[in-house]
Amino acid sequence: GFHVVPIDIGGSGSVFDFEQMHMFSATDTTFAHPQRLRRWRDNKNEDIQREARSVAMGLKTVASHGLQLSYGAPSEEAEMTEEAADEVSRAAENPLDANCLRKAAAAVRRNLHLSDADSGGQFGDRARALAMCILAKDRGGRTNAALHFCLEWENLEITDLDIHTTCLKCGSQVFHRDKCCACKTVELDTDDLGRSEGFSIENMFFYELLRGTYTVRINNYNSGTPKEALLAVRMRGQLQRLFRLRPEDVRDDLKFTLNWDGGHLKWLETPASLP
């Protein structure tokens with residue numbers, strides 16, 4: 001299981017039209033659960049829409065800068081970045097259209113060069129974290145909460161990564177066996193057991209951001225080997241850190257500790273092997 005970073009969203013007060021909600025397909029039971037329908041109704045994907053608009057503008061700037069570095073000659077990287085920006089922009093205009101969201105996520109993943117700080121900078125990380133949120137949504141997860149941990153990995157073989165944490169309010173352990181704490185403050189709403197190929201995702205969030213120290217652990221349940229794993233930590237809709245985990249990083253348990261004092265977020269402990 002993976003943690004997902006919570007996102008704080010304000011309501012628009014507008015009426016939700018289920019006929020326009022393309023994310024739900026009659027042939028896709030992922031979105032058929034009544035609780036998940038309510039979550040989509042309440043959220044309307046406003047969190048993804050806001051971030052997509054910002055990321056699209058940033059990617060266009062990155063693409064333009066790439067053209068300047070190549071003296072106006074359209075490099076392959078600049079063209080791919082421009083493509084990703086266009087797809088993300090379409091997703092921002094159509095936040096309830098599953099196909100638009102999936103195309104945007106796929107375009108971002110094709111732009112591996114954005115992982116390089118010199119190429120993509122903060123927008124490279126934000127674009128990848130946005131793709132993770134889209135996948136979490138696609139698998140029935142929630143992304144609008146106070147603190148959100150989202151874990152994504154690409155399978156070379158069936159790999160089952162799990163996220164564990166403890167609720168600061170009631171002390172309950174939250175993980176794949178107990179997906180919600182006793183006081184309903186912390187929830188793991190997407191528990192992925194791994195796949196033979198493609199991407200897996202685990203999504204965990206805190207409804208309330210309480211003062212105190214948060215500890216999140218990642219456990220490799222079946223000792224599988226992923227091609228790559230990413231942990232995105234978001235607070236009130238803003239990406240705080242994107243951790244890139246190598247296959248060797250997830251062979252053993254990983255521990256992430258952070259503190260919130262009511263005004264500042266401070267990282268106390270991250271695995272020594274990570275930047």
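**Helices, sheet and loops**

In this predicted model, helices α3 and α4 are roughly antiparallel to each other, because their axes cross at roughly 160°, and an angle over 145 degrees counts as roughly antiparallel. The axes of α3, which spans residues 76-93, and of α4, which spans residues 98-110, come within 8 Å, and the crossing of α3 and α4 is left-handed. On the α3 side the contact is made by Met80, Glu83, Ala84, Glu87, Val88, Arg90 and Ala91, while α4 contributes Cys100, Leu101, Lys103, Ala104, Ala107, Val108 and Arg110. Of the residues in this contact between α3 and α4, nine are nonpolar and five are charged, with no polar ones.

Strands of a sheet pair through backbone hydrogen bonds, in either a parallel or an antiparallel manner. Here five strands form an open sheet with antiparallel pairing, in the order β3-β2-β6-β9-β10. Its edges are β3 (173-174) and β10 (265-269), each of which pairs on one side only. Within the sheet, β6 (residues 212-220) and β9 (residues 254-260) run antiparallel and are joined by seven bridges, and Tyr214 stands opposite Leu258 in β9.

Two loop residues deserve a look for their backbone angles. Ser223, in the loop between β6 and β7 (226-235), has a phi near 60°, a positive value in a residue other than glycine, and Ser223 is exposed, with a relative accessible area of 59%. Arg236, which lies in the loop between β7 and β8 (238-245), also has a positive phi, near 50°, but Arg236 is partly exposed, with a relative accessible area of 41%.

Technical notes
Residues numbered from 1 in each chain as written. Predicted model: local features only at pLDDT ≥ 70, side-chain atom pairs only at ≥ 80, totals over all residues. Heavy atoms only, no water. Axes fitted to C-alpha atoms, helices over the stretch in contact; angles between N-to-C directions. Helix = DSSP H or I, 4+ residues; strand = E, 2+ residues; numbered from the N terminus. Parallel < 35°, antiparallel > 145°, perpendicular 65-115°, else oblique. Left-handed = near helix turned anticlockwise from the far one by under 90°. Contact = heavy atoms within 4.5 Å. Nonpolar A, V, L, I, M, F, W, Y, C, P; charged D, E, K, R; others polar. Pairing = 2+ DSSP bridges. Buried < 20%, exposed > 50% of the residue type's maximum accessible area, 1.4 Å probe, protein only.
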